[in-house]
Amino acid sequence: MVELKQATYYLDGKFMTLDELKAKGIDGRAIEQAYQGTMAYGILKKHNTLATTGKGQPLKIKFDAMASHDITYVGIIQTAKASGLKEFPLPYVLTNCHNSLCAVGGTINEDDHVFGLSAAKKYGGIFVPPHQAVIHTYMRECMSGCGKMILGSDSHTRYGALGTMAVGEGGPELVKQLLGRTYDIKYPDVVAIHLTGKPRKGVGPQDVALAIIGAVFKGGFVKNKVMEFVGDGIKNLPIEYRIGIDVMTTETTCLSSIWTTDDEEVKNYYGVRGRLDEYSAITPQKLAYYDGVVEVDLSKVAPKIALPFHPSNVYDLQDVIDSPYDILSAVEKECNKLLGNKNIDFKLTDKIIDGKVNVEQGIIAGCAGGTYDNIIEAGRILKDRAVGDGKFTLSVYPSSTPVYYDLLRKGAIADLVKSGANVKSAFCGPCFGAGDVPANNALSIRHTTRNFESREGSKPANNQIASVALMDARSIAATAANGGVLTSALGMDYDNTIPAFEYDETIYKKRVYNGWGKANKDAELEYGPNICDWPEMIALTDNIVVKLAAVINDPVTTTDELIPSGETSSYRSNPMKLAEFALSRKRPDYVGKAKQIFASELSRREQGLGGEYLDAVTKAGVKLNGSVSVGSGVYAVKPGDGSAREQAASCQRVLGGICNIAKEYATKRYRSNLINWGMLPFISDEEFKDDDVIVIYDVKNTIENGGDKFAAKIVRGGKVIDTVLAVDPLTDDERDIISKGCLINYYKANN
């Protein structure tokens, strides 16, 4: 079904070894340059502002367009404004699909929307009002284009199925684009995703996506690489099906994705939306080199389920149905180990009644689930059937108003409503805990993007925990038709023909403000009382003394654990209020500790180094030449899996955070967020303890002069441990950002 293979060559649509290429008479020069034959190479070269585009060499990318939603755009615009922004230099779309509903009461969510519209008018942006579209559906419908590149401040920024290389990053990377700077990376490895065969009826895009995620995530097979989809199987997939697979590539930790576009499906997608000029056929060159291959036989993919607490925890759905106790008890055990909370007795086996798994909630929503094809088939499965009057509920969120409107015309909405399902407007809330939060101890099956333990509204630190499992819309609808008893759509009797989608462009024209190229520099930004500027962050000192305010030894730490989603989203425009939630669902004591450490730093600025930090330096037996500052740090084995949200780093920074230490970073985007907020992204194999004080000397000089090793001493009670911290390669700009204290300071100095 899914098989991983090592690096190989791709000649005329067939994979070959080096020896086979030579036997065909392919010359050495062509073989040496075969990496230039990928689709990714052509697009990256087009957008690279440097003269050369070579394997492993630096790239400085400028994007064609950008997108943010109402959790991220206020902070991005505030940062850019503080750094000298005058006008948006590229199309910048501000959508309102995350804080569309007020999670905490008061006016602050709607105040952000007012600010967003005023910013679009002042700087020349595009403003998509609440409930019109989720961010990625709008960008697919209106901003994608074959051969383009798009940057988004949301991790699921993926439009590869439409021939667009898209990247999800933290807000500071968007700020760089707004200020005419570039996105700086090394040329990434490219992995072929080779699709063959044709999916069976009842198998949907989420099933294929989960099969791939389950195969590649744990070993990091595509981490920070580009996934390039090729193969005859692509032509057996409708375009919405491809989109549904593509958006989930984020959960593999890849950098981006791109698909071949040489067929009528992609051309028709653009044509239906009145954007045929954005279509062109994109395929690999005659000879291409791939750094790895993922073989996927679509005909062998069965319905899948990703059980708590990660999209990679994948099982065949039928196996769970046939052997529920064996599988659920094993997952239950692992989840309790991960939670590590003696006050929570996490349960999955209690969902087994008379040998069947009973589910309390189903959700089909967002950029992954709320697409036209998914909802059409869900409606067909539920036609003349009933959700029932028990505990089980089903909510369906079409991903845009044009999608909603055509589903109304096609009768799918009527079928869903008649079955007892709730149909709601375009909204991302269920995916991150701001809508349809499951009940405590409930099991929710969702065609959304993630199922982390702290994501969809659960608060383990408050003894509130629910289970979220990822499934495809078809099997969710089959489960709904069975009253909440877990059911596979494979083999179900229903009409799976999908009527052609009809797009009505007037819907957006009547509501979306398009100010691109029409900036009104005299317009005023409109601020609500919750919108605040960033506090001052000092430059890096010659030496630093770090106290670890949190040590997390879980195999992976997600951004949802570093800064929870859900109700916290309402405070994203207020850095200090938001910081109160940092690590609250993983380490509730973190904020208090970080504040105490920061108080010592503020005291140091007035009176000099003192207290336990002076004692630590004395015990370490080192003479610190030059300036010294005190800051908090977080150690985690592998932090940053999941969302692109910059606040996972900025909340630590405004509380006085100065570094993270990790064995490795789960994603490039989290490491970039640390750097852009002036925090040192150390790596180490050392075993750390809570409240370790680490004296790190000659830091600034090492950073500014290109060093990557930092001598340090760990002071733990009366014991002193010599160690060396390291950083993975940093660009000159990244070193300058860290040295100056954060991206804002960097821009102020360099502008």
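This is a predicted model: local features need pLDDT of at least 70, side-chain atom pairs count only at pLDDT 80 or more; totals for chains, interfaces and linings use all residues.

Colleague: Which residue in E31 is the bridge partner of Val695?

Modeller: Lys713.

Colleague: And how many bridges join strand E24 to E30?

Modeller: There are 4 bridges between E24 (residues 543–552) and E30, and these strands run antiparallel. Val695 turns up again here, as the bridge partner of Val545.

Colleague: Which residues cover the two faces of E30, and are they buried or exposed?

Modeller: Buried, on both faces of E30 (residues 693–696). Val693 and Val695 are on one side, Ile694 and Ile696 on the other.

Colleague: Next, the open sheet. What is the strand order?

Modeller: E8-E7-E4-E5-E6-E23, 6 strands with mixed pairing. The edges are strand E8 (165–168) and strand E23 (513–514). Each has a single partner strand, so one side of each is left without a neighbour in the sheet.

Colleague: How many bridges join E6 to E23?

Modeller: 2 bridges, with strand E6 (residues 126–128) and E23 running antiparallel. Phe127 stands opposite Tyr513 of E23.

Colleague: Which strands does helix H4 lie across?

Modeller: H4 (residues 73–82) lies across strand E4 (65–68), strand E5 (92–95) and E6. The helix runs at about 140 degrees to E5.

Colleague: Changing topic. Why is H18 described as largely enclosed?

Modeller: Because 8 of the 9 residues of helix H18 (residues 473–481) are buried. The buried ones are Ala473, Arg474, Ser475, Ile476, Ala477, Ala478, Thr479 and Ala480.

Colleague: What covers the buried residues of H18?

Modeller: Helices and strands both contribute. Among the helices are H8 (205–216), H11 (317–322) and H14 (372–382). The strands include E18 (361–364), E19 (393–396) and E21 (443–447).

Colleague: What about the backbone just after H18?

Modeller: Gly483 has a positive phi there, about 70 degrees.

Colleague: Where is Gly390, and is it buried or exposed?

Modeller: Gly390 sits in the loop between H14 and E19. At 56% relative accessibility, Gly390 counts as exposed.

Colleague: On to charges. How many salt bridges does the structure hold?

Modeller: 41. Take Lys410 and Glu502 as one example, with the closest N and O atoms 2.9 Å apart. Lys410 is in helix H15 (residues 401–410), and Glu502 is in the loop between H18 and helix H19 (506–511), so the pair ties together parts 92 residues apart in sequence.

Colleague: How accessible are Lys410 and Glu502?

Modeller: Lys410 counts as partly exposed, at 26% relative accessibility. Glu502 also counts as partly exposed, at 44%.

Colleague: What is the closest N to O distance for Lys595 and Glu580?

Modeller: 2.5 Å, in a salt bridge. Lys595 lies in helix H22 (residues 590–607), and Glu580 in the loop between helix H21 (575–579) and H22, 15 residues apart. Lys595 is partly exposed at 40% relative accessibility, and Glu580 is partly exposed at 42%.

Colleague: What does Lys593 pair with?

Modeller: Asp589, in a salt bridge whose closest N and O atoms are 3.7 Å apart. Shared partners join Arg587, Asp589, Lys593, Asp690 and Asp691 into one salt-bridge network.

Colleague: Last one. Where does Glu228 lie, and what is the nearest side chain of opposite charge?

Modeller: Glu228 lies in strand E11 (residues 226–230). The nearest side chain of opposite charge is Lys55, 11 Å away. Glu228 is buried yet has no salt bridge.

Colleague: What does Glu228 touch, then?

Modeller: Leaving out residues up to four places away in sequence, Glu228 touches Thr38, Met39, Ala40, Val190, Val191, Ala192, Ile193, Ile258, Pro284 and Tyr290.

Technical notes:
Residues are numbered from 1 along each chain as its sequence is written. Side-chain values use heavy atoms; hydrogens and water are left out. Buried means under 20% relative accessible area, exposed over 50%, partly exposed in between (1.4 Å probe, protein chains only). Lys and Arg count as positive and Asp and Glu as negative; His and the chain ends are not counted. A salt bridge is a side-chain nitrogen of Lys or Arg within 4 Å of a carboxyl oxygen of Asp or Glu. Contact means heavy atoms within 4.5 Å. Two strands pair if DSSP finds at least two bridges between them. Axes are lines fitted to C-alpha atoms, for helices over the stretch in contact, and angles run from 0 to 180 degrees between N-to-C directions.
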